[in-house]
Amino acid sequence: MVDKINIYDLIIIGAGPAGVSAAIYAARQRLEMLIISKDLGGQVAKKAVDIENYPGFSKISGPDLVNLYDKQLKANNLKIEHDEVIGIEKDGSKFLIKTKSGEVYESISVIVTSGAESKKLSVPGEEEFAGKGVSYCSLCDGPLFSNKIIAVVGGGNNGFESALFLSNYVKKIYILEYSLQVKADRENQDLVLKHKNIEIITNAKVLKIDGENFVNSITYEDLTKNKEVTLKVDGVFVEIGYVPSIYFVKDLVDLDEKDEIIFDPKTLSTKTPGLFSAGDCNVSRYKQIVMASGQGAIAALSAYEYIKKNKHE
Ligand SMILES: Cc1cc2nc3c(=O)[nH]c(=O)nc-3n(C[C@H](O)[C@H](O)[C@H](O)COP(=O)(O)OP(=O)(O)OC[C@H]3O[C@@H](n4cnc5c(N)ncnc54)[C@H](O)[C@@H]3O)c2cc1C
């Protein structure tokens with residue numbers, strides 16, 4: 001638990017690449033700051049295949065990059081309050097930030113860097129078997145499926161990268177894709193084709209996941225033949241994309257049709273003065289570590305300018 005102070009200059013919500021970058025920049029401005037996050041690393045911590053497109057590292061694993069985040073936060077005397085923010089209100093010139101554990105923190109400014117979380121399939125059995133064979137993180141859970149048969153739902157890059165990682169452990173993988181064609185890029189498709197234990201099934205609409213104590217099957221509709229097919233599997237990895245984690249700040253920001261936060265590209269400010277947002281929770285076509293980090297830095301510098309003007313009012 002981080003020592004609580006009366007009113008912070010800045011509260012950063014989230015500690016993925018955007019939040020960590022914002023915190024490093026804010027620390028250099030000597031701001032009284034608190035980071036509140038469910039975890040450290042966000043999506044990077046869950047990345048199953050090495051990162052090869054972040055400047056300075058020709059190849060680095062997600063967990064190794066998160067370890068470096070941890071070291072850099074500690075070197076700047078920054079600690080994370082591990083909690084979930086469930087609401088933000090603006091009370092006059094200050095923000096009230098409420099967390100799941102019941103704490104209420106006050107601050108002059110806020111940077112939301114809450115990123116995105118896995119989209120759910122929303123089929124029967126998914127919720128019931130979550131953690132009992134249904135997983136959203138191949139890196140975390142892959143080793144538990146040693147020598148088993150599994151399905152990866154989603155034929156985009158995330159699904160293909162997951163399958164490539166899981167192929168190190170499991171006996172057989174079915175990749176189920178809703179559309180007629182997979183969406184993964186050519187490089188990932190070529191890599192998957194080299195694995196004899198990965199079978200790609202397209203035009204497959206997942207209908208349900210079944211089991212007893214743990215998952216034992218997945219049923220899909222073969223949209224070409226209009227028939228139901230049940231595959232015997234021990235696990236289901238859901239890789240159908242991400243949705244922004246913004247429920248707690250909805251009332252203070254404008255959102256686009258995908259529920260992504262609309263921001264001023266110059267300052268990363270939102271429609272509420274003093275509230276900034278950065279990273280994958282924002283409207284942007286490309287979601288990458290380098291972009292989230294860049295936005296985090298801009299948001300921190302803009303928050304600093306805002307705090308300077310508003311601190312003693
Ligand atoms: C499988 C996969 C592979 C990828 N590969 C690459 C790659 O090779 N190269 C690349 O550049 N990018 C890659 N990306 C994209 C990259 O990981 C994201 O763009 C980046 O992580 C976004 O950073 P962020 O800080 O905006 O959000 P996130 O990483 O999503 O972090 C959000 C943070 O907010 C916290 N949080 C959320 N809600 C709350 C709340 N209510 N209260 C408190 N805390 C909260 C979370 O716990 C987390 O710490 C990949 C993504 C995935 C999923």
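Cys-137 and Cys-140 are joined by a disulfide, with their sulfur atoms 1.9 Å apart. The model is predicted. This disulfide is the 1 that the structure holds. A disulfide is a covalent bond between the sulfur atoms of two cysteines. The torsion about the S-S bond is 70°, and the link of Cys-137 and Cys-140 is right-handed. The two partners sit in unlike surroundings. Cys-137 has a relative accessible area of 7% and therefore counts as buried, the cut-off being under 20%. Cys-140 is partly exposed, at 45%. Another cysteine, Cys-281, is buried, with a relative accessible area of 0%.

Strand β10 spans residues 172-176. All told, 5 of its 5 residues are buried, so the strand is largely enclosed by the rest of the structure. Both of its faces are covered. Lys-172, Tyr-174 and Leu-176 are buried on one side. Ile-173 and Ile-175 are buried on the other.

Strand β10 pairs with β9 and with β11. Strand β9, residues 149-153, runs parallel to β10 and is joined to it by 5 bridges. Within this pairing, Ile-150 stands opposite Ile-173 of β10. Strand β11 covers residues 198-201 and is also parallel to β10, with 4 bridges between them.

Helix α4, residues 157-166, forms a right-handed β-α-β unit with β9 and β10. Helix α5, residues 186-193, forms a right-handed β-α-β unit with β10 and β11.

Asn-188, Gln-189 and Val-192 are its buried residues. They lie on the same side of α5, because they cover an arc of only 100° around the axis. The buried residues of α5 pack against α4, β10 and β11. The face turned away from this buried side carries Arg-186, Glu-187 and Leu-193, which are exposed.

Ser-302 belongs to helix α6, which spans residues 289-310. Its relative accessibility is 12%, so Ser-302 counts as buried. The side chain of Ser-302 reaches the backbone oxygen of Thr-267 at 2.8 Å. Neighbours within four places in sequence aside, Ser-302 is in contact with Thr-267 and Phe-276.

Most residues other than glycine have a negative phi. Ser-122 has a phi near 60°, a positive value in a residue other than glycine. Ser-122 is found in the loop between β7 (116-118) and β8 (134-135). With a relative accessible area of 64%, Ser-122 is exposed. Asn-226 likewise has a positive phi, near 55°. The loop that holds Asn-226 runs between β13 (215-222) and β14 (227-232). Asn-226 is exposed, with a relative accessible area of 61%.

Methods
Residues are numbered from 1 along each chain as its sequence is written. This is a predicted model: local features need pLDDT of at least 70, side-chain atom pairs count only at pLDDT 80 or more; totals for chains, interfaces and linings use all residues. Side-chain values use heavy atoms; hydrogens and water are left out. Buried means under 20% relative accessible area, exposed over 50%, partly exposed in between (1.4 Å probe, protein chains only). Helices (H or I, at least four residues) and strands (E, at least two) are DSSP runs, numbered from the N terminus. Two strands pair if DSSP finds at least two bridges between them. A crossover is right-handed if, with the strands pointing away from the viewer, the path from the first strand over the helix to the second runs clockwise. A disulfide is a pair of cysteine sulfur atoms within 2.5 Å. A polar contact is a pair of N or O atoms within 3.5 Å; within protein, one must be able to donate a hydrogen and the other to accept it, and residues adjacent in sequence count only if both atoms are side-chain atoms. Contact means heavy atoms within 4.5 Å. The arc is that of the directions from the helix axis to the C-beta atoms.
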